[in-house]
Amino acid sequence: MTEMPPLLNVSDISLSFGGVHALTDVSFDVRPGEIFSIIGPNGAGKTSMLNCISGRYQPNKGSITFKQKEMIGLRPNDRCNLGIGRTFQNLALFSHMTVLDNIMVGRHHLLKNNFLSGSLYWLGGARKEELTHRAEVEDIIDFLEIAHIRKSIAGTLSYGLRKRVELARAVALRPDLILLDEPMAGMNLEEKEDMARYIIDLNEEWGMTVVMIEHDMGVVMDISHRVMVLDFGRKIAGGLPDEVMANPQVRKAYLGEDDEPAPEPQPEGEVA
Amino acid sequence: MASAHSRMKCGEFRTNYQQDTTIFPTPLARRVAVLSVIFLLVAPSFLNPYFLNLGIQIGYYGIAALGLNIVVGFTGQISLGHAAFFGFGAFASAWLNNTTGIPVFFCIPLAGTMTMALGLIVGIPAGRIKGLYLAIATLASQYILEDFFSRADWFTGGAYGAMANPFSIFGFEFNNDQRYFYVVLFYVVIMFLFGTNLLRSRDGRAFVAVRDHYLSAEIMGINLTKYRILSFGISSFYAGIGGALFGHYLGFVSAEGFTIMLSIQFLGMVIIGGLGSVMGSLMGTAFMVLLPELMEAGVGLVGHNAPGLTHALAYIKEMSIGLAIILFLIFEPDGLAHRWKMIKAYWKLYPFSY
Ligand SMILES: Nc1ncnc2c1ncn2[C@@H]1O[C@H](COP(=O)(O)OP(=O)(O)OP(=O)(O)O)[C@@H](O)[C@H]1O
Ligand SMILES: [Mg+2]
């Protein structure tokens with residue numbers, strides 16, 4: 001594995017909003033097949049980093065390559081074709097659609113039917129294609145154990161379930177790299193354990209490389225292969241979970257007075 | 001896969017995905033739809049011309065309203081220029097038929113396609129602007145097209161208007177209400193099937209995704225600009241078909257009929273029927289077409305005692321439409337389609353309403 005080129009290479013990324021330096025010269029690699037976690041205090045720039053990778057933000061400087069291909073300048077909607085999927089920190093489901101339809105939207109870039117063949121449905125092969133993809137979506141639904149709510153309207157679900165549906169939708173993209181922004185925020189212990197298990201399965205059985213932002217240090221230590229720490233938009237540490245935890249700078253910046261629990265994220269208005 | 005569909009009856013199970021993706025949520029709904037179509041097929045033989053005329057109006061306006069619902073209800077944009085597309089379809093079909101001699105039968109879908117092309121061009125701003133700005137841009141297109149209608153003599157006959165030949169197949173003319181009813185019914189069934197299919201396949205879902213959360217729609221590979229514009233194009237196609245049916249029904253098309261007032265009435269239809277509901281578009285249209293008639297009948301009943309009312313009839317009709325829109329926005333913002341669902345759900349569970 002060490003000889004393989006990185007799946008994702010981020011080098012010298014800087015991003016600022018007016019006077020706010022959200023990211024300053026951040027560089028890291030994500031290797032194929034790993035679970036890579038980004039941690040750091042609130043406002044450290046973690047979500048901004050994901051937004052640069054998924055194309056929501058254009059960094060002011062630096063380069064991001066995915067599968068040796070430059071990502072800067074590529075539109076967000078072109079990135080799922082290359083194999084990048086993501087979930088959002090603040091729920092970003094299509095809240096008036098059913099769970100099933102939400103996940104089917106994840107198949108958008110894989111489906112070929114269009115407004116013409118879709119309108120003709122039975123005649124142009126759209127029906128057959130939809131049903132084929134429906135079957136694959138059902139596999140994802142089974143895997144994430146949301147079969148009982150597949151016909152529910154997404155906006156009516158509990159927070160934990162919505163997070164799971166969002167994961168299902170991202171998985172439906174069939175990405176090689178999946179970016180998860182605080183997948184366990186606001187969940188109870190049991191829900192967190194489930195989510196951790198799904199992430200491990202996605203990584204080990206579905207072969208997805210995972211980049212995850214998470215505040216729960218227990219989970220991060222347990223399931224990550226490598227960890228990067230951001231603080232005030234700068235990378236202050238990176239490496240194996242244990243190494244990172246042992247780093248005094250990290251303890252100071254992130255954990256403050258050692259045993260204090262990690263701060264819970266505050267939901268923000270607009271989805272980043 | 002014995003899924004518990006929220007709207008399914010107890011005891012109704014589905015055993016494959018095909019059964020689970022049928023157009024009608026339940027076998028009952030299917031039977032009701034088929035029976036309604038059968039009823040409408042025999043209706044012309046016993047309905048009097050007054051009701052046939054109303055049915056025809058509901059048909060062609062309903063098709064156009066479905067188009068508007070695609071852009072407003074499903075894609076979450078705004079259009080104040082729908083009447084202009086409706087008018088363009090009416091002129092285009094008459095013009096094609098008059099100048100090229102292509103039979104009306106083919107001119108109607110061709111006019112729809114021409115209107116779609118126009119909608120794609122006029123919809124370009126929708127790729128960039130939203131909300132109030134888009135409202136103003138579509139308002140501008142409404143006025144520009146109105147102006148075009150009154151000036152483009154070659155296309156619309158200018159101030160005189162254009163003649164539109166009756167619909168005919170192999171020399172058989174659908175030149176009275178009884179016959180034309182079938183033409184409109186055919187188009188209503190086709191267009192509503194298309195609409196329903198569209199919204200359960202890839203591009204229809206993309207519209208709703210753009211409406212509900214455009215940022216994550218983009219991450220799902222949906223090109224926002226493309227779909228915002230496409231939505232206008234498709235909506236214009238429906239408007240064009242509706243307009244063409246309108247033109248060949250009246251036999252005469254003139255620019256005065258396609259003002260901002262009609263655009264607002266179209267909006268009223270989709271709001272009253274239910275934004276984001278295919279069948280709601282038809283319900284809302286029926287409501288908007290029948291309401292003024294009811295007002296007229298009501299005024300007729302009490303007219304002897306209150307002659308003032310009879311004089312004010314025109315105002316009463318218009319005001320009742322405005323009032324209905326406002327009342328729906330306040331009390332039933334999800335529209336008739338939603339109310340209908342609630343009523344069905346109530347009866348399904350009756351007497352266990354809770
Ligand atoms: N769109 C934006 N406009 C202006 N400032 C922004 C924007 N997005 C992020 N920022 C700023 O950039 C900094 C980093 O924000 P970011 O959301 O990346 O932090 P985070 O590490 O994800 O924090 P949290 O743990 O709270 O989610 C913050 O100061 C934030 O206010
Ligand atoms: Mg964040």
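I begin with Arg107(A), which is buried, at a relative accessibility of 3%. Please bear in mind that the model is a predicted one. What does the side chain of Arg107(A) meet in a salt bridge? The partner is Glu136(A), with an N to O distance of 2.9 Å. Because Glu136(A) belongs to helix α5, residues 126–143, and Arg107(A) to the loop between α3 and α4, this contact ties together parts of chain A that are 29 residues apart in sequence. Glu136(A) itself is partly exposed, its relative accessible area being 29%.

Helix α5 of chain A also holds Glu138(A). Its side chain forms a salt bridge with that of Arg150(A), at 2.8 Å from N to O. Arg150(A) sits in the loop between α5 and α6, 12 residues away. Is Glu138(A) buried or exposed? Glu138(A) is buried, with a relative accessible area of 1%, and Arg150(A) is buried as well, at 5%.

I turn now to Arg197(A) and Glu145(A), whose closest N and O atoms are 3.6 Å apart in a salt bridge. Arg197(A) lies in helix α7, residues 189–204, and Glu145(A) in the loop between α5 and α6, so the pair joins parts of chain A that are 52 residues apart in sequence. Both residues are partly exposed: Arg197(A) at 37% and Glu145(A) at 39%. They also belong to a network of salt bridges that links Glu145(A), Arg164(A), Asp194(A) and Arg197(A).

Finally, the overall count: a search of the whole structure gives 19 salt bridges over all chains. Thank you for your attention.

Technical notes
Residues numbered from 1 in each chain as written. Chains lettered and ligands numbered in written order. Predicted model: local features only at pLDDT ≥ 70, side-chain atom pairs only at ≥ 80, totals over all residues. Heavy atoms only, no water. Salt bridge = Lys/Arg side-chain N within 4 Å of Asp/Glu carboxyl O. Helix = DSSP H or I, 4+ residues; strand = E, 2+ residues; numbered from the N terminus. Buried < 20%, exposed > 50% of the residue type's maximum accessible area, 1.4 Å probe, protein only.
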